[in-house]
Amino acid sequence: MNATIAVITFRAMLGRRRALLLLALPLVLLVLSVVLRVTDNNDIDISADVLQRFGLATLLPLLALIAGTGVIGPEIDDGQIMYVLTKPIPRQVIVLTKLAVAIVLVAAFAVVPVLMSGIVLQGTTAGMAPAFTVGVLVGGVAYSAVFVALAVLSRNAVTIGLLYALVWETLLGNFAPGAKSASIQQWALSVVDALTSASPVKSTVDLPVAIALLVAVTAAGTLLAAYRLRSLPVASAE
Amino acid sequence: MTTSTIHDIGYRHYDGRRNGRAYVLRSLYVHNVRAAFGLGRPARAKVMPFLLAAIMLLPAAGSVAVVAVTDQADALMRYSSYATVLQVIIAIFLATQAPVLASRELRFHVVPLYFSRPVGHLDFVLAKVAAMTTALFALIAVPVTVLYVGGLVTKVPDSTAQLGRYLAALVGCALFAVVLASIGMVVAAFTPRRGFGVAAVIAVFMLSSTFVLIIQGIAEARTNFTLSGWVGLFAPFNLVDIVQVRLLGAEKSAVQVPPGVGGGVVALALCAAIVLGSIAVLYRRFRKAGLS
């Protein structure tokens, strides 16, 4: 971990009006939760549906994508990464710092809102709020690692990430059960499923498999990013 | 006291032909349409738009193939539902390409270079919105045309009705294109940082559609179909589908649409407001950027 890189990255991610964009996404979830609570539409099925479809399947991938690719992608694109790479700092430290920043951002803008939304909707019934919080957190770590690696590997990282998160996990998941099992979202859902007694939360992956895959994907993403950053071809900006 | 004089140091005036406003508009438009597909740029910029366009064509081609093999006319996808079914792909295309048109000049602070030439602020914005609209229209209308032509070739019955539905769907495609392009361009113009624009555009579409779907799910469960229909106005794809259903005689592809012709008129008015509002916002945005 390198404090200076972390501070610079935080400033790039949150500076000017960018923090507002990051804040706007979870705000929609919170407003929705409050409205549902006020209009008395917060039974356990609806709550699980909101937390799962909005929190886990939409908010989390979007925020992880913004944070994961945003911490390193723009710097590589405009060549500023050279100023970091030419300092005597090990590449894995750079990657780990960037990844840590991404995870902190996901935790602040996705995990905390999901917890708040869960408490607004359900209080402590069936342990749903903490369960979804843990699920979103572990999913967020895995997503961040994958998207940081993607941002180092490709300049089209955001689009590829979107294709993965929206087309592979959501669209194909509905048609092909195989694709459904091979998605971070389902593994995170499996963690949620194990932690809550609420019956509407069902996942297709067993817990031990899910945890193993989450750990494996996170580790693979981090290692790949560190490895690729050792020999990064820096072209001029488009 | 000094007397100042103006020396003629021999600058020459331009007294060739002036091509005028239409020429400026057309040049900007053509440039932006090409940019939307990455034409005239390195291969790296072409990969994503063409990949997404190919993905858009797949279901249409598959559907035609199924009709040709099984001879069952109802296996052909409905023309008007195509954009709704493939909304994720369209949204990703818009998200990747709208920043190319709307944020690149802002990011590199080159907008003043345009406006130091005889380019009107409004023309600049109109050309960009028109170009994005054209690109989206091509993206949606080409697969729909493939469906229609495939239907003709495989001799799907009732060809006059098919033609009517096809033409109505083309109008629907145009409306989809202009509404989506307006929203996408505005969002992209306010997020010039690389990658942020893409994420912001997709976030607007995904959050609105998920939000609406959840509300609709609850409303349908309580058999409150009116609320379920009206809330559809808040998701862009659902909004245009309301116009298609209520004013163009299509079957509904969204979860629910508001009742009567009135619902369609409200939706159409909202579409017009979105488009005009977006042009006004973009006009102000680029005007301000042009002053720096």
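This is a predicted model: local features need pLDDT of at least 70, side-chain atom pairs count only at pLDDT 80 or more; totals for chains, interfaces and linings use all residues.
Okay, let's start with confidence. For chain A, the mean pLDDT comes out at 85, and 97% of the residues reach 70 or more. If you go element by element in chain A, helix α7, residues 128–153, has the highest mean, 91. At the other end is helix α9, residues 177–181, with the lowest mean, 73.

Now the overall look of chain B. Along the principal axes, the C-alpha atoms of chain B fill a box of roughly 95 × 45 × 35 Å. Of the 292 residues in chain B, 45% are buried. And if you take contacts in chain B between residues at least 6 apart in sequence, 77% of them join residues at least 24 apart.

Next, the annotations, and please keep in mind that these come from unreviewed UniProt entries. For chain A, UniProt puts "transmembrane region" at residues 53–72, 93–116, 128–153, 160–179 and 207–227. For chain B, the UniProt list under that feature name is 47–70, 82–102, 129–154, 166–190, 196–215, 227–249 and 261–283.

What does the model do over those stretches? I'll go through some of them. Residues 93–116 of chain A are 100% helix, and the end C-alpha atoms sit 33 Å apart. Residues 128–153 of chain A are also 100% helix, with 37 Å between the end C-alpha atoms. Over in chain B, residues 82–102 are 95% helix and 0% strand, with the ends 27 Å apart by C-alpha. Residues 129–154 of chain B come out at 96% helix and 0% strand, with an end-to-end C-alpha distance of 37 Å.

Let me zoom in on one residue, Ala129(A), which belongs to helix α7 of chain A. Buried or exposed? Ala129(A) counts as buried, because it has 22 C-beta neighbours inside 10 Å, and the cut-off for buried is 20 or more. Setting aside neighbours within four places in sequence, Ala129(A) is in contact with Leu115(A), Gly118(A), Ile119(A), Gln122(A) and Thr124(A). For a sense of distance, Leu224(A) is 95 residues away along the chain, and its C-alpha is 33 Å from that of Ala129(A).

Another helix in chain A I'd like to show is α10, residues 184–195. From first C-alpha to last, α10(A) reaches 17 Å over its 12 residues, close to the 16 Å expected. It's mostly covered, with 10 of the 12 residues buried. Those buried residues include Trp187(A), Leu189(A), Val191(A) and Val192(A), but also Gln185(A), Gln186(A) and Asp193(A).

On to how the chains meet. How many residues does the contact take from chain A and from chain B? The contact takes 29 residues from chain A and 24 from chain B. On the chain A side, the elements that give two or more residues are α2 (18–38), α3 (44–70), α4 (73–77) and α8 (157–175). The largest share, 11 residues, comes from α3(A). By class, that side of chain A has 17 nonpolar, seven polar and five charged residues.

The largest one has 169 residues, and among the members that touch the most others are Leu63(A), Val148(A), Ile92(B), Ile140(B) and Met185(B). Take Ile92(B): leaving out residues up to four places away, it touches Thr159(A), Leu162(A), Leu163(A) and Leu166(A) from chain A, plus Leu52(B) and Ile202(B) from chain B.

Most residues other than glycine have a negative phi. Asp71(B), not a glycine, has a positive phi of about 65°. Where is Asp71(B)? It lies in the loop between α2 (43–70) and α3 (82–85) of chain B, and it counts as exposed because it has 11 C-beta neighbours inside 10 Å. The other one is Thr223(B), with a positive phi near 50°. Thr223(B) sits in the loop between α9 (196–221) and α10 (225–231) of chain B, and it is exposed too, with 8 other C-beta atoms within 10 Å.

Terms used
Residues are numbered from 1 along each chain as its sequence is written. Chains are lettered from A and ligands numbered from 1 in the order in which they are written. Helices (H or I, at least four residues) and strands (E, at least two) are DSSP runs, numbered from the N terminus. The expected span of a helix is 1.5 Å times one less than its number of residues. Two residues are in contact if their C-beta atoms, placed from the backbone, lie within 7 Å. Ala, Val, Leu, Ile, Met, Phe, Trp, Tyr, Cys and Pro count as nonpolar, Asp, Glu, Lys and Arg as charged, and the others, Gly among them, as polar. A nonpolar core is a set of buried Ala, Val, Leu, Ile, Met, Phe, Trp, Tyr and Cys residues joined through C-beta atoms within 7 Å. UniProt positions are given in the numbering used here, feature names are shortened, and annotations may be inferred rather than shown by experiment. pLDDT is the predictor's confidence in each residue, from 0 to 100.
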